[in-house]
Amino acid sequence: MANAHLNGIDIFFERSGEGNRLLFLNGSGATLARTAPMTKMLAKHFDLAAHDQRGLGLTSIPDGPYTMSDYASDAAALADHLGWDTFSVIGISFGGMVAQELAVTVPERIERLALLVTSSGGAGGSSYPLHTLADLAPDELARVRLTLIDTRFTPEWLAEHPADQVFADAMSSGAKAIKSADVRRGERLQMQARSQHDVFERLGRISCPTLVVSGRFDGIAPPSNGEAIASRIPGAEFRLLDGGHAGFYQDPDGFPDVISFLKGRQGSRYSPMPTG
């Protein structure tokens, strides 16, 4: 774990593992502390770099407003700091939005791109406007977010599916947490930038192998949004998981497929196309 002054702010990041270079971009309100199980899993397969995005975790909370270009510039600055001329990227939800902005800005640097449960904005469809939930009481926020995470997660469904109830309880606990004024400010600035996200018309600039993954029951970034992204990126693959916004956890094939794609394994469904 380390701090570096990059793109005008202090960015907290960690680098771990060995293998192909992979930059991990986190979702709305998520920090490295919260997603440690995911980054530890990825570090078993890759030389992984991940950071708390501006306004979140242990990274600076500069004055706003922020733009999606700011977030992409932070990511590029971290890659520069690490000496990575080229690298692969995995972006989840909000991180997928940043990944798209990064990939259309510096397409020549991206080797492979995995976009999970995300949206392009614009004509390709926007993710649910989470900023409109900011004033809800914690219990109400937890209830609403639960059905957005997985549209099946009604009280009746959860009563009949104990394993999903355990998963839902774990997801809800974070929404009920009491947050400091600084944390709330950083999250609000992120949500404002998210609400302006629109990269759809520029997606054709992406030239690297790309995998777009959506969850069948995702109420935040519905499958139609993922299909729209894949339709605009030349040669992109689209994968529909049996789950919601966390379908990569819920579907046992979720992360294995993504890891296989990012490694470009020969003989896998996502191996590189032959050339020459």
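This is a predicted model: local features need pLDDT of at least 70, side-chain atom pairs count only at pLDDT 80 or more; totals for chains, interfaces and linings use all residues.
Visitor: Why is Tyr66 called buried?

Guide: Tyr66 has a relative accessibility of 5%. Buried means under 20%, so Tyr66 counts as buried.

Visitor: What makes Tyr71 buried or exposed?

Guide: The relative accessible area of Tyr71 is 0%. Because the label buried applies under 20%, Tyr71 is buried.

Visitor: Why is the pair of Tyr66 and Tyr71 called edge-to-face?

Guide: The ring centres of Tyr66 and Tyr71 are 5.9 Å apart, and rings pair if their centres lie within 6.5 Å. The planes make 75 degrees; an angle over 60 counts as edge-to-face, therefore the pair receives that name. Tyr66 and Tyr71 also form one aromatic cluster with Phe94.

Visitor: How do you know that Arg54 lies over the face of Tyr66?

Guide: Arg54 is at 5.2 Å from the ring centre of Tyr66. The rule asks for CZ of Arg within 6 Å of the centre and within 35 degrees of the ring normal.

Visitor: What makes β1 and β8 edge strands?

Guide: The open sheet has eight strands in the order β1-β2-β4-β3-β5-β6-β7-β8. β1 (2-6) and β8 each pair on one side only.

Visitor: How do you know that β5 and β6 pair?

Guide: Two strands pair if there are at least two bridges between them. β5 (residues 87-92) and β6 have five bridges, in the parallel sense, so they count as paired. Within this pairing, Ile92 stands opposite Leu116 in β6.

Notes
Residues are numbered from 1 along each chain as its sequence is written. Side-chain values use heavy atoms; hydrogens and water are left out. Helices (H or I, at least four residues) and strands (E, at least two) are DSSP runs, numbered from the N terminus. Rings of Phe, Tyr and Trp (its six-membered ring) pair if their centres lie within 6.5 Å; planes under 30 degrees apart count as stacked, over 60 as edge-to-face and the rest as tilted. Buried means under 20% relative accessible area, exposed over 50%, partly exposed in between (1.4 Å probe, protein chains only).
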